[in-house]
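The exercises below are meant to be worked through with the sequence and the three-dimensional view open side by side. Try each task before reading its solution.

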Amino acid sequence: MGRALTVPPGRPAARIAVIGAGPGGLYAAALLKRLDPQREITVWERNPPDDTFGFGVVLSDETLGGIEHADPVVYRALQTEFTRWDAIDVAHRGTVVRSGGHGFAAVSRRRLLALLQDRCRDLGVALRFGLPAPDAAELAQRHDLVIAADGVGSPTRTAHAHALAPQLTTHRCRYIWLATDLVLDAFRFEIAETPAGVIQAHGYPYRPDASTFIVEMREEVWRRAGLDLLDEQGSIAACEKVFAELLRGHRLHGNRSHWTAFTTVTNAIWHTGRIVLLGDAAHTAHFSIGSGTKLAMEDALALAACLEEHDTVEAALTAYEDERRPVVESTQRAADASREWFEELAQYTDQPMRQFAFNLLTRSRRVTHDNLRLRDPAFTAAVEADFGADDGTPPMFTPFTLRGLTLHNRVVVSPMDMYSATDGTPGDFHLVHLGTRALGGAGLVMTEMVCVSPQGRITPGCAGLYTDEHEAAWRRIVDFAHAQSGAAIGLQIGHSGRKGSTRLMWEGIDEPLPDGNWPLVAASPLPYRSGVNQVPHELDEDGLARIREEFTEAARRGARAGFDLLELHCAHGYLLSGFLSPLTNRRTDRYGGDLAGRLRFPLDVFDAVRSVWPQERPMTVRISATDWVDGGTTAADAVAVARAFAEHGADAIDVSTGQVVPDDRPAFGRSYQAPYADRIRNLTGIPVIAVGAISSWDDVNSLILAGRADLCALARPHLYDPNWTLHAAAEQGYAGPGISWPLPYQAGSRRPPTGRTDGPKPRLTLGEMT
């Protein structure tokens, strides 16, 4: 596979300086020298050659494949050193659950460095140990390229912060990196519940006679346990005591080990002039997915390849960053999800043991239900059986009951504004839009936000439920869904508040109407965008009473129209959301101030609506669980808001985020809002609907089976494919009671055959060059 490279004349970067002799820096030097033996390459390292932190390094099969193709000499040397295993053990409350089929390879960090040092020497790379490197800017005056592989504390990054714009974020756990003479036969996650709180160990073998042993806990647990007062030996003794049952007399060992908090490093740009960052200097990813050395060595592979493929250093560095940044950012998102899971570990400790293990294994979203089903079908089947899924039934196709309504599966078509109503009346477009998605197999199809008054619309095209004509039009749609599909249909009601009187989305989202604007009302007289949107009127007691009655009248009409479920929209900066967020509620009366005050009016509206909504039919509430802005709604606030609505009779919380203020900065990514639903569900026991870039049936199965959500709402996937749920069943070979194919669609219930695709070629192949 790949291509054998010759050495063309005029290759860029004849003189190269490398700052830092970690795996990434050494491997980059070896590859670049191997590509062009005429290059003059010098590596500076301030420490002695055998001076390193940590113990074992885990490399993936993908990384090893890249090493094999790029430098078979290094690969063969590593092959003789690796300790391999394929199992993960999760130990908690005296029970160990094992999952197999994972495939790991680890090596001593000291041996890895020694092998790379030997390879550099063999190739003629100059290694200067025990000497601090000259300043990168000084080196750049004498070299064509300076590779800064100088670690998480990179002096190079600091010196060039004005150009690179780094951001360092320190997190909430403390950890210490140790080793033990206990030889583990699996990657082991050991959970200890102590008087101080939950403490976890991450352990794995890296030599025939030793294992890495990382101990981690929340900062407050670390302090309550008194570990902040102990030196290295005292900390080791304390950890041996906590994990005595696992260690069985074996000892823990340090290597100048100390407690630290993990820091995530990002940079706006990775190179400036002739200077380029590599590995931890450019980016870090939490150790719980074992990616630091892997990323650094993959950086080295990509940098070497880009220098081979481009005529100038600048072009090569731009290509290197363009290639690596998406990969790194994806890894960092997975690492952040894993880190956050361990930070919130205490909320999962009461889960059933196999579900707890499945939750841990899928925490980063890289390992999923489908991955595990292929790797270890017996383990996955056992988790599904514990969950209550019949044999062969994917978790997403299990039923779920809210009050008197049983949904035949866990898929929800999320509310999506269509901006296609006429004076609030839904027409044929809505019949086709919602009817098609009801035919598409979802358990629950939600309307867009249906506005409770003309002044409560976002745009002139928004649907309403405040006239007899609206009620009749909605009844037509509901009757179709009930007659032609197995889907339930839910009504979401809301009021635009300060975000109203704007153009249709495709004419300019959140832009005021060019004419015909109507007056706005809100919790406080704060425009959505100062100088752009109009200043809303602050609601007084009479206005609040009028709004409350508009909501209850819409609910009465919805009940008569036959909707199965009603959702109160308290998210995304609309009227009720505007009361909940401290960023949009500046009131000094009983409807403002602390969270209890800000909750008062939304709860009043909920109580009024619940009192007229049929008791056997469920009510849910959509909230924004964070505003994604400092000073806004926090994750703790969201839990309190969810509890309050549940205490007032909400059957589930639909957990969204953001869109409350225009300058929010969401951390977009796959399933990026699901952790907020997860937190509410596992801290309160309240059923939740997870939303936010959930795009695959594998994501849905993973979230449901791990106990992070009860239902999953998908929006864009249902715009792309109205039959998304039917196709999910077909792709999984499922044809049970959790899916209902319309009779005319039965012939399409088997997945059509697809063409073959070839796998990606190796990034860099050099054959047997010396």
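**Exercise 1.** Does methionine 505 count as buried, partly exposed or exposed, and what is its relative accessibility?

Solution. The structure is a predicted model, in which local features need pLDDT of at least 70 and side-chain atom pairs count only at pLDDT 80 or more, while totals for chains, interfaces and linings use all residues. Residues are numbered from 1 along each chain as its sequence is written, and side-chain values use heavy atoms, with hydrogens and water left out.
Step 1: buried means under 20% relative accessible area, exposed means over 50%, and partly exposed lies in between (1.4 Å probe, protein chains only).
Step 2: methionine 505 has 42% relative accessibility and therefore counts as partly exposed.
Step 3: methionine 505 belongs to helix 18 (residues 505-508), where helices (H or I, at least four residues) and strands (E, at least two) are DSSP runs numbered from the N terminus.

**Exercise 2.** Describe how helix 11 and helix 12 pack against each other.

Solution. 
Step 1: the axes of helix 11 (residues 292-309) and helix 12 (residues 313-343) are 8 Å apart and meet at an angle of about 155 degrees; axes are lines fitted to C-alpha atoms, for helices over the stretch in contact, and angles run from 0 to 180 degrees between N-to-C directions.
Step 2: angles under 35 degrees count as roughly parallel, over 145 as roughly antiparallel, 65 to 115 as roughly perpendicular and the rest as oblique, and helix 11 and helix 12 are therefore roughly antiparallel.

**Exercise 3.** Which parts of the chain are linked by the salt bridge between glutamate 471 and arginine 560?

Solution. 
Step 1: the closest N and O atoms of glutamate 471 and arginine 560 are 2.9 Å apart.
Step 2: this pair links distant parts of the chain, with glutamate 471 in helix 17 (residues 468-484) and arginine 560 in helix 19 (residues 541-561), 89 residues apart.
Step 3: glutamate 471 is buried, with a relative accessible area of 5%, whereas arginine 560 counts as partly exposed at 46%.

**Exercise 4.** Why is helix 13 described as largely enclosed by the rest of the structure?

Solution. 
Step 1: eight of the nine residues of helix 13 (residues 353-361) are buried, so helix 13 is largely enclosed.
Step 2: the buried residues include Met353, Phe356 and Leu361.

**Exercise 5.** What is the phi of aspartate 423, and where does this residue lie?

Solution. 
Step 1: phi of aspartate 423 is near 50 degrees, a positive value in a residue other than glycine.
Step 2: aspartate 423 lies in the loop between strand 20 (411-413) and helix 16 (428-439), and at 60% relative accessibility it counts as exposed.

Methods: A salt bridge is a side-chain nitrogen of Lys or Arg within 4 Å of a carboxyl oxygen of Asp or Glu.
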